[in-house]
Amino acid sequence: MNYQKYYPVDVVNGPGTRCTLFVSGCEHACKGCYNQKTWRCDAGHPFDQAMVETIINDLNDPRIKRRGLSLSGGDPLHPNNLDAILDLVQQVKARTQGKDIWCWTGYTLAELNEKQKALLPFFTVLVDGKFEQDLANPSLPWRGSSNQQVIHDPYQVLLSNEMSG
């Protein structure tokens with residue numbers, strides 16, 4: 001996996017002060033996307049254990065009370081990114097205390113494959129769906145267009161959906 005940008009202090013991509021990672025790789029090619037440079041999987045910088053350590057250390061830094069980690073892109077749930085994202089979120093959960101994880105993806109909850117669904121237990125919030133320029137609304141919290149959903153506890157929502165449908 002590659003990543004385009006990492007912000008150790010971010011107050012825009014989720015609630016509170018956060019660490020935000022913009023990964024590379026997106027197959028949605030949404031019209032009006034503000035982050036087109038992240039579409040190619042080979043764009044940006046290689047993501048490695050040193051970057052994981054940086055994120056963990058930043059999340060645990062007592063000088064700045066960070067609420068959690070935000071994953072955006074590109075698309076963290078792009079097939080090319082799944083192994084590295086799974087490793088990252090497992091390490092965040094194991095090596096930090098009480099940090100939430102938010103993830104933005106162009107896939108809807110219903111479109112996720114089994115490997116993508118395996119990440120859901122680690123996410124506090126999933127913002128799903130492609131950006132739709134015709135439905136763009138800058139006043140919406142945490143999303144760019146009205147078709148996108150902000151799903152709290154996405155794993156439980158998925159289980160409820162599967163049981164009822």
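Trp142 is a friendly place to begin: this residue is partly exposed, with a relative accessible area of 32%. In this briefing, buried means under 20% relative accessible area, exposed means over 50%, and partly exposed lies in between, using a 1.4 Å probe and protein chains only. You are looking at a predicted model, in which local features need pLDDT of at least 70 and side-chain atom pairs count only at pLDDT 80 or more, while totals for chains, interfaces and linings use all residues. Residues are numbered from 1 along each chain as its sequence is written, and side-chain values use heavy atoms, leaving out hydrogens and water. Helices (H or I, at least four residues) and strands (E, at least two) are DSSP runs, numbered from the N terminus.

**The sheet**

- Seven strands form an open sheet with mixed pairing, in the order E3-E1-E2-E4-E5-E6-E7. Its edge strands are E3 (45-46) and E7, each of which pairs on one side only. Two strands count as paired if DSSP finds at least two bridges between them.
- At one end of that order, E1 and E3 run antiparallel and are joined by two bridges. Here Asn2 stands opposite Pro46 in E3.
- E5 and E6 run parallel, with three bridges joining them. Trp104 is found opposite Val127 in E6.
- E6 and E7 are antiparallel partners joined by four bridges. Across this pairing, Asp128 stands opposite Gln149 in E7.
- Strand E6 is covered on both faces: Val125 and Val127 are buried on one side, and Leu126 and Asp128 are buried on the other.

**Helices around the sheet**

- Helix H1 lies across E1, E2 and E4, running at about 15 degrees to E1. Helix H4 packs on the sheet and touches E6 and E7, and its direction makes about 95 degrees with that of E7. For these angles, axes are lines fitted to C-alpha atoms, for helices over the stretch in contact, and the angles run from 0 to 180 degrees between N-to-C directions.
- Helix H2 has 14 residues, which should span 20 Å at 1.5 Å a residue, and this agrees with its end C-alpha atoms being 20 Å apart. The expected span is 1.5 Å times one less than the number of residues in the helix.
- Which residues of H2 are buried? They are Leu82, Ala84, Ile85, Leu88, Val89, Gln91 and Val92. Their cover includes E2, H1, E4, E5 and helix H3 (114-117).

**The nonpolar core**

- The largest nonpolar core has 32 residues, and Leu71 and Phe123 touch the most other members. At least two residues of this core come from each of E1, E2, helix H1 (49-60), strand E4 (68-73), helix H2 (82-95) and strand E5 (100-104). H2 supplies the largest share, six residues.
- A nonpolar core is a set of buried Ala, Val, Leu, Ile, Met, Phe, Trp, Tyr and Cys residues joined through side-chain atoms within 4.5 Å.
- Leaving aside residues up to four places away in sequence, Phe123 touches Leu71, Leu77, Val89, Ile101, Cys103 and Pro154. Contact means heavy atoms within 4.5 Å.

**Residues in loops**

- Returning to Trp142, you will find this residue in the loop between strand E6 (125-128) and strand E7 (149-152). Trp142 has a positive phi of about 70 degrees although it is not a glycine.
- Asp153 also is not a glycine and has a positive phi, of about 55 degrees. Its place is in the loop between E7 and helix H4 (154-164), and at 39% relative accessibility Asp153 counts as partly exposed.
- Asn13 sits in the loop between strand E1 (2-10) and strand E2 (18-23). Is Asn13 buried or exposed? Asn13 is buried, with a relative accessible area of 15%. Not counting residues up to four places away in sequence, Asn13 touches Arg18, Thr20, Phe22, Ser70, Trp104 and Trp142.

**Cysteines**

- A disulfide is a covalent bond between the sulfur atoms of two cysteines. The cut-off used is a pair of cysteine sulfur atoms within 2.5 Å.
- How many disulfides does a search of the whole structure find? The search finds zero. Cys19 is in no disulfide, and the nearest cysteine sulfur, that of Cys103, is 15 Å away. Cys19 is buried, with a relative accessible area of 0%.
- Cys33 is in no disulfide either, with the nearest cysteine sulfur, that of Cys30, 6.3 Å away. Cys33 is partly exposed, at a relative accessible area of 22%.
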